[in-house]
Amino acid sequence: MNDPQFYLWMAYGATAAALLAEMAWLRVARARALRAVNEERALEAQD
Amino acid sequence: MSFFYFSSPATFYRLAGSLAPGFFALALVAGLAGLYVGFAVAPTDAQQGEVYRVIFIHVPAAWMSMFIYFVMACYAAMALTFNSRMAAMLARALAPTGAMFTFVALWTGAFWGRPTWGTYWVWDARLTSELVLLFLYLGFIALAKAFEDPRRGDRAASLLAIIGVVNLPIIYFSVQWWNTLHQGSSVSLRGTSMHVAMLWGMLLVAFAFWMYAIAASLNRARTLILERERRTRWVRDLR
């Protein structure tokens with residue numbers, strides 16, 4: 001465990017994973033919000 | 001143009017949509033440049049060896065964790081003072097990114113601490129106050145979502161954000177106020193004790209994180225606007 005590569009990979013890898021996870025979450029949340037807007041449009045069209 | 005022009009969700013939605021891709025691009029370019037300087041230009045540290053290169057993300061992430069909290073608290077204060085919906089939404093939009101950077105600062109600090117201090121974690125004043133910051137972010141997010149009426153959630157969470165500001169000077173000055181294992185600041189407005197390439201690598205990544213935080217928050221604010229304003233005419237008319 002004294003290999004510096006291990007500590008660098010764990011630090012940089014986790015940072016990359018955190019950034020990618022947040023970006024994926026942003027996309028999912030936006031898609032969900034747009035779906036809700038479309039549902040509102042559909043409801044309005046029914047009325 | 002009045003001071004409150006951009007506090008209209010409709011205006012802000014369009015502005016954020018046009019600005020966010022540029023901030024993402026800046027973050028990508030600065031991030032790659034920072035990593036290049038950090039790994040290819042900056043020399044190996046005489047005492048810590050290669051493992052010191054963790055600081056190229058650890059220090060910028062720690063800076064961003066505090067800076068984002070400060071900005072979030074400013075928006076929270078504006079939300080309470082002016083009863084501004086947009087300010088409350090911006091405070092909410094910043095919180096997850098701030099929490100992510102706080103987590104990254106703690107995590108990367110642990111993987112720097114193990115080979116240099118001999119331990120992943122110690123209940124040192126700097127580390128503990130940074131952990132409290134993570135809990136403040138998580139508390140803000142949880143409190144904002146705890147109410148059925150989002151405006152009540154905004155007010156409660158804003159109050160917590162403002163109270164939590166007291167933790168920022170504690171984090172910053174903890175290494176001076178207490179005898180901590182964590183080292184003091186290597187970079188200040190008066191100068192630095194680091195090699196110039198190390199400093200540039202760190203500053204470039206800090207800039208990249210800053211640009212990323214703006215881009216991510218603008219995107220999240222747009223989603224929050226869509227969620228809250230989905231019954232309004234302007235949202236339904238969006239293409």
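**A chat about chains A and B**

Guide: Of the 47 residues in chain A, 13% count as buried, where buried means 20 or more other C-beta atoms within 10 Å of a residue's own, exposed means 12 or fewer, partly exposed is in between, and C-beta atoms are placed from the backbone. This is a predicted model, in which local features need pLDDT of at least 70, side-chain atom pairs count only at pLDDT 80 or more, and totals for chains, interfaces and linings use all residues. Residues are numbered from 1 along each chain as its sequence is written, with chains lettered from A and ligands numbered from 1 in the order in which they are written.

Visitor: How many helices and strands does chain A have?

Guide: One helix and zero strands, going by DSSP runs numbered from the N terminus (helices are H or I, at least four residues; strands are E, at least two). The C-alpha trace of chain A spans about 70 × 10 × 5 Å along its principal axes.

Visitor: Let's move to chain B. At what angle do α2(B) and α7(B) pack?

Guide: Helix α2 (residues 55-82) and helix α7 (residues 196-229) of chain B pack at about 45°, with their axes 8 Å apart. Axes are lines fitted to C-alpha atoms, for helices over the stretch in contact, and angles run from 0 to 180 degrees between N-to-C directions. That angle makes α2(B) oblique to α7(B): under 35 degrees is roughly parallel, over 145 roughly antiparallel, 65 to 115 roughly perpendicular, and the rest oblique.

Visitor: Which residues make that contact?

Guide: Among them are B:W63 and B:M64 of α2(B), and B:F209 and B:W210 of α7(B). By class, the contact of α2(B) with α7(B) has 15 nonpolar residues, one polar and no charged.

Visitor: How are α4(B) and α5(B) arranged?

Guide: They are roughly antiparallel to each other, packing at an angle of about 165° with their axes 7 Å apart. Residues including B:L136 and B:F140 in α4(B) meet residues including B:L160 and B:A161 in α5(B).

Visitor: How many residues are in the largest nonpolar core?

Guide: The largest one has 76; a nonpolar core is a set of buried Ala, Val, Leu, Ile, Met, Phe, Trp, Tyr and Cys residues joined through C-beta atoms within 7 Å. The largest share of this core, 18 residues, comes from α7(B). B:M72 is one of the residues with the most contacts inside the core. Leaving aside neighbours within four places in sequence, B:M72 is in contact with B:A91, B:L94, B:A95, B:G98 and B:A161.

Visitor: Now the loops. Where does B:N83 lie?

Guide: B:N83 is in the loop between α2 and α3 of chain B. B:N83 has a positive phi of about 55° although it is not a glycine.

Visitor: Is B:N83 buried or exposed?

Guide: Exposed, because B:N83 has 12 C-beta neighbours inside 10 Å.

Methods
Contact = placed C-beta atoms within 7 Å. Nonpolar A, V, L, I, M, F, W, Y, C, P; charged D, E, K, R; others polar.
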